[in-house]
Amino acid sequence: MVRKELADLIKERRIETVEKDPRQVAVLREQAKAHLASSRMIGHTDVAGAFSLAYDSIRKELTALLLDHGFRAKSAGSHAATGQAAARLVKGFDTNGFEWLRLVRNATEYGSDKRPGATMQDLEDAWEFARDLQGLMEG
């Protein structure tokens with residue numbers, strides 16, 4: 001049962017139960033596809049923007065996954081919680097890879113003394129992550 005797999009995240013109030021919403025799941029998945037396509041179109045002229053779109057594509061796909069099961073991440077630390085929940089729901093999900101994407105996205109969006117913003121290689125890695133995630137979701 002899904003709830004049992006997510007029990008610790010629920011107990012820690014990192015995710016919460018919500019009504020399943022198939023229409024919103026479909027909207028999120030369509031947005032995820034559009035974001036990834038847009039990312040690929042602008043990648044060679046706007047690496048930072050393209051990386052943010054690629055990351056948002058992945059995050060929205062994972063948000064749709066949670067919503068399809070009747071859950072959503074709570075606001076504080078929601079992106080990290082979304083990745084942790086996905087790891088429990090998708091066999092083979094790369095939690096460390098998603099965390100790396102999240103940190104690169106944050107450095108790109110907000111600046112960081114710990115790491116530079118996204119590079120072209122980071123963007124290509126994000127596209128690969130998105131492709132691999134799609135394979136996991138379909139398989």
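**Figure 1. Helices α5 and α6 are roughly antiparallel to each other.** Welcome to a predicted model, in which local features need pLDDT of at least 70, side-chain atom pairs count only at pLDDT 80 or more, and totals for chains, interfaces and linings use all residues. Residues are numbered from 1 along each chain as its sequence is written, and side-chain values use heavy atoms, leaving out hydrogens and water. The axes of α5 (residues 78-89) and α6 come within 9 Å and cross at roughly 165°. Here, axes are lines fitted to C-alpha atoms, for helices over the stretch in contact, and angles run from 0 to 180 degrees between N-to-C directions; under 35 degrees counts as roughly parallel, over 145 as roughly antiparallel, 65 to 115 as roughly perpendicular and the rest as oblique. From α5, the contact (heavy atoms within 4.5 Å) involves His79, Ala80, Gly83 and Ala87, and from α6 it involves Thr95, Phe98, Glu99, Arg102 and Arg105. Helices (H or I, at least four residues) and strands (E, at least two) are DSSP runs, numbered from the N terminus.

**Figure 2. Arginine 102 and glutamate 99 meet in a salt bridge.** The N to O distance is 2.6 Å; a salt bridge is a side-chain nitrogen of Lys or Arg within 4 Å of a carboxyl oxygen of Asp or Glu. About one helical turn separates the two, because they sit three residues apart in α6 (residues 95-110). Arginine 102 counts as buried at 17% relative accessibility, whereas glutamate 99 is partly exposed at 28% (buried is under 20% relative accessible area, exposed over 50%, partly exposed in between; 1.4 Å probe, protein chains only).

**Figure 3. A salt bridge joins arginine 72 to glutamate 16.** Their closest N and O atoms are 2.7 Å apart. This pair links distant parts of the chain, with arginine 72 in strand β2 (residues 71-73) and glutamate 16 in strand β1 (residues 15-17), 56 residues apart. Arginine 72 is partly exposed, at 45% relative accessibility, and glutamate 16 is partly exposed at 24%. Take in Lys74 as well: Glu16, Arg72 and Lys74 are linked in a network of salt bridges.

**Figure 4. Lysine 33 pairs with glutamate 30 in helix α3.** The closest N and O atoms of this salt bridge are 3.8 Å apart. Both residues lie in α3 (residues 22-42), three residues apart, or about one turn of the helix. Among the elements of the protein, α3 has the highest mean pLDDT (97) and helix α1 (residues 2-5) the lowest (71); pLDDT is the predictor's confidence in each residue, from 0 to 100.
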